[in-house]
Amino acid sequence: MESITFVSTGGTIDKVYFDAMSQYEIGESVVSHILADALVTVPHDFVALMRKDSQDLTDADRAQIVASIEAQPARQIIVTHGTDTMTTTAEALAGIKDKVIVLTGSLTPARFHTTDAMFNIGLAVGAVQSKPAGVYIAMSGQVFDAGSVRKNRERNCFERVGDSPAGSGALSSGARE
């Protein structure tokens, strides 16, 4: 069984709030706790690359993410990332060959009682093991090819470019991601 490398860049999934959704910091990655709670037995390791809100990521940060992923010996990579610029980072990763790269995150922090974080991590773990080499986004119950997805801020979900999401179960967090 191949090992999965998780690369943590920050974003809402790791946010710790100090008041009613305005004062926060990006905390330690919660992925190892999510995997342990879910009894995941797939071999995996972690790279804590940065702790940034995705709106604060620069081109230099994206270059660092690309370089880090290129340097990883693992073929299967999951990147936890803020949702606001996840698609931009996915596009920056598109030139990497021979790896399955899945970006995921959450629309509400993993530390909240109601969150999509656990589901999205599980979706990403399944996707990284079953998809061919390429770059994907695992959010809102779907696995999207990079370049064919956008964040719908009104509905607070991800959707294929040109589509409207099915159902009305979108989460509302009001948080920067």
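**Ground rules**

Residues are counted from 1 along each chain as its sequence is written. Because the model is predicted, local features need pLDDT of at least 70 and side-chain atom pairs count only at pLDDT 80 or more, while totals for chains, interfaces and linings use all residues; side-chain values use heavy atoms, with hydrogens and water left out.

**The whole chain**

Let's start with the big picture. The protein chain has 4 helices and 10 strands; helices (H or I, at least four residues) and strands (E, at least two) are DSSP runs, numbered from the N terminus. Read from that end, the order is β-β-β-α-β-α-β-α-β-α-β-β-β-β.

| Item | Value |
|---|---|
| Buried residues | 51% of the 177 residues |
| Contacts with a separation of 6 or more that join residues 24 or more positions apart | 62% |

Two terms need cut-offs. Buried means under 20% relative accessible area, exposed over 50%, and partly exposed in between (1.4 Å probe, protein chains only). Contact means heavy atoms within 4.5 Å.

**Helix H3**

Now zoom in on helix H3, residues 86-93, where Met86, Thr87, Thr89, Ala90 and Leu93 are buried. Looking down the axis of H3, these buried residues fall within an arc of 160°, so they line one face of the helix. That arc is taken from the directions from the helix axis to the C-beta atoms. What covers them? The cover includes helix H2 (59-71) and strands E6 (100-104), E7 (134-139), E9 (149-152) and E10 (157-160).

**Arg62, in helix H2**

Arg62 sits in H2. Which residue does its side chain meet in a polar contact? The partner is the side chain of Thr89, at 2.9 Å. (A polar contact is a pair of N or O atoms within 3.5 Å; within protein, one must be able to donate a hydrogen and the other to accept it, and residues adjacent in sequence count only if both atoms are side-chain atoms.) Beyond its neighbours within four places in sequence, Arg62 is in contact with residues including Ser54, Leu57 and Ala92.

**Met139, in strand E7**

Met139 belongs to strand E7. Met139 counts as buried because its relative accessibility is 0%. Not counting residues up to four places away in sequence, Met139 touches Met86, Ser106 and Phe158, among others. Met139 and Ser106 are 33 residues apart in sequence, and their C-alpha atoms are 7.6 Å apart in space.
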